[in-house]
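Please read it beside the sequence and the model shown here.

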Amino acid sequence: MSDSHSGPTNLATDSANVAVQAEAIHGPVNVYQVEATPSPEVTFAAGLNSLRAGMAPEARVHISNAVVKGNYVNGHSCFYLLLALLSGRTLQQVPPKEIAMLRRVRGAVKSDDEWAGAIKLVDHLLTSRPTEGGAVGLDQELQHLADEQRNDVLQHLEMFLDSSAEDALWARAFDAARRDRYANDRTRRAWKFFQPEPVGARVRPADPVLIGLGTWTGATATTALALVTVGFIGATAWQHTGAAAVSALLALAAGCYGSVRSGAEWRCRKERRQAKDHEYQRRPAATPRGDGFASKIDHQFNHYFALYTPHGVNKARWLSETAGVRRALRDEVVTIYRESTVNAKQVAWLTRYLVADVARRWQAGKLRDYRKELRVPLSRKAMCVLAAIAAAAAGAFLVWSGAHVDPVIVSLAALVAMASVWCAARVWLRIATEHKRHSADKAEKKILLAGRQAAFDRWKRKLADRPDDLEMARWLECDRKALMEQAMSLYRLKRQDVLAHAFIEAPATPSYDRARIENGPWRYSKYKILLFLLTKDGVRQYTVHLDFQQATFRSRARTNYRYDAFTSVQVAQTDNGENVFELTLTNGDPIKVKVTDPPTDVTKHEDETPLGASQRTLDTAGLDNALHVLEGVAAEGKEWITFERRREKVRLAEVSKAVNAIFA
């Protein structure tokens with residue numbers, strides 16, 4: 001953690017992961033959103049962003065609205081309309097009504113348009129065959145495209161590389177994936193996407209000055225009575241000793257003032273030290289049950305106190321000796337942030353800072369330095385005692401002098417004066433102590449807030465280069481290509497050996513972080529990716545766990561089965577709203593994968609629903625194409641591939657005719 005660099009050497013870093021599912025929604029971010037009455041340009045931009053994020057269905061809606069309804073027609077928009085219609089699916093999955101949209105932009109692009117070559121490449125990619133040398137020509141056309149155009153073609157027309165191109169195009173796609181997979185400092189920045197927008201620094205405000213009306217009334221009454229009785233004694237004494245009585249009155253007033261003032265500081269320091277002692281000696285209460293804010297904060301403190309154990313210290317001793325301060329800090333965070341709009345993960349930065357600060361002070365032997373700071377100096381105690389003695393001596397002198405004039409009345413007045421002065425001193429001591437306590441609390445809170453604000457600013461700076469959703473989508477696409485290359489190498493397959501393929505991306509249980517931007521799909525810190533390769537000999541299933549933040553594959557598993565081993569393929573929704581992919585084979589247990597989490601009502605945007613977020617996540621998971629391929633195989637066996645290509649011939653002619661009609 002950035003806040004702990006100067007502390008114990010083994011304190012965790014800012015990217016330390018808590019083994020719980022966390023949620024973060026970044027927004028408002030106007031990437032996939034459009035205004036109430038957007039211009040065609042804005043609508044197209046939102047569609048293009050959606051396409052690059054893997055949300056092809058939403059991209060088709062936005063881009064078609066911009067091109068067809070908004071008349072935003074040019075080479076750029078026509079090219080991405082084509083990609084949106086074809087992205088992530090085969091021609092058989094493209095509805096005729098969507099192909100008909102292409103006819104509405106007939107003659108919209110001139111042959112010398114900078115996007116004309118890219119549009120022609122799409123047509124050639126659909127219609128070429130490897131036996132005709134199409135792959136070589138396509139590769140040359142691809143080299144002439146700009147980097148942006150080339151990357152988008154390789155990403156969104158992946159389905160058509162199975163039947164239309166050979167190793168050259170896929171080698172280019174793999175090269176681009178290797179180049180971009182770690183681009184833009186991914187391993188240092190990716191984890192930041194899963195961090196929610198932090199809530200600002202706060203401290204519990206200092207308790208107000210608590211002096212009731214009864215206290216003020218008592219102070220006024222006792223003070224008035226003391227002034228009357230002492231004044232009477234002083235006036236009587238003046239008749240006997242003259243100027244000496246005046247000096248004694250001044251000494252009495254000064255002594256009382258000095259005694260109360262120094263006594264207030266003495267008492268204030270003592271009470272503050274006792275309060276902190278009590279706070280540091282409290283034992284933690286039982287961990288709250290449930291999934292509420294207080295429970296999550298409690299888990300955070302328990303986790304980080306265990307994680308931040310100072311080097312070379314027994315963990316049990318550390319946890320035992322810091323139990324009280326842990327409880328105190330936990331209670332403070334719960335109190336000042338417990339509101340419906342705050343997620344516990346949004347204040348995790350503060351928890352880490354507070355725990356790291358305790359660890360630093362504990363290891364330096366300064367955890368209880370407050371006892372030294374609040375120790376009452378001997379000089380202050382002496383001043384309080386001497387001032388009280390001086391006041392008592394001055395009062396005795398006045399009573400002695402006054403008794404020479406009227407012993408009975410002065411003696412009675414002295415008894416009343418002693419009682420009233422004593423009571424007044426006690427009340428004013430309480431009032432002065434409370435004001436000093438309030439001033440000391442305010443000063444302490446100001447220092448605490450400054451430290452927390454500095455920690456918050458450091459955390460904000462650390463998150464300043466958080467990747468956007470488009471970067472996350474590009475990295476995930478590169479991971480898919482890397483997995484494809486790895487699987488082909490593992491199975492010793494060439495590109496022409498793969499008749500069709502499909503991906504399914506799902507969160508890797510049991511623990512992962514997830515986050516999204518408003519109107520975007522959920523992104524996960526850990527994925528389980530299933531790759532299905534259809535070859536002439538059967539299906540090759542390659543399953544890996546992807547640590548997205550580090551861009552590493554783990555827990556690889558290989559499964560091979562014949563085409564006739566398929567029994568059924570489905571996506572079922574559980575009672576809690578999870579979407580589960582299930583592939584049933586004739587032998588063995590069904591293959592089940594949780595593709596999306598249950599919809600959760602965590603959105604801040606009034607037009608966005610939890611089900612909408614879940615559906616967008618399904619759209620980016622590759623599920624539609626996987627179902628299309630695997631359901632076809634389950635129904636028709638190996639012959640599905642041949643039948644599918646026959647079925648696509650008519651659709652291919654329609655698409656090719658519509659694409660060629662775009663040119664003027």
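Helices, as named below, are DSSP runs of H or I with at least four residues, numbered from the N terminus. The model is predicted, and the points that follow are grouped by topic.

**Arginine in a loop**
- Arg181 lies in the loop that runs between α9 (167–180) and α10 (186–189).
- Buried means under 20% relative accessible area, and Arg181 is therefore classed as buried, its relative accessible area being 10%.
- When neighbours within four places in sequence are left aside, the residues in contact with Arg181 are Arg186, Trp475, Cys478, Asp479, Ala482, Leu546, Ala551, Thr552 and Phe553.

**Crossing of α11 and α18**
- Helix α11 (residues 213–241) and helix α18 (residues 378–403) have axes that come within 7 Å of each other and cross at roughly 65°, and the crossing in which α11 passes α18 is left-handed.
- On the α11 side the contact is made by Ile233, Gly234, Thr236, Ala237, His240 and Thr241, while α18 contributes Phe397, Leu398, Val399, Ser401 and Gly402.

**Cysteines**
- With a disulfide taken as a pair of cysteine sulfur atoms within 2.5 Å, the count comes to zero disulfides.
- Cys256 has a relative accessible area of 28% and is partly exposed, whereas Cys384, at 12% relative accessibility, counts as buried.

Key:
Residues numbered from 1 in each chain as written. Predicted model: local features only at pLDDT ≥ 70, side-chain atom pairs only at ≥ 80, totals over all residues. Heavy atoms only, no water. Axes fitted to C-alpha atoms, helices over the stretch in contact; angles between N-to-C directions. Helix = DSSP H or I, 4+ residues; strand = E, 2+ residues; numbered from the N terminus. Left-handed = near helix turned anticlockwise from the far one by under 90°. Contact = heavy atoms within 4.5 Å. Buried < 20%, exposed > 50% of the residue type's maximum accessible area, 1.4 Å probe, protein only.
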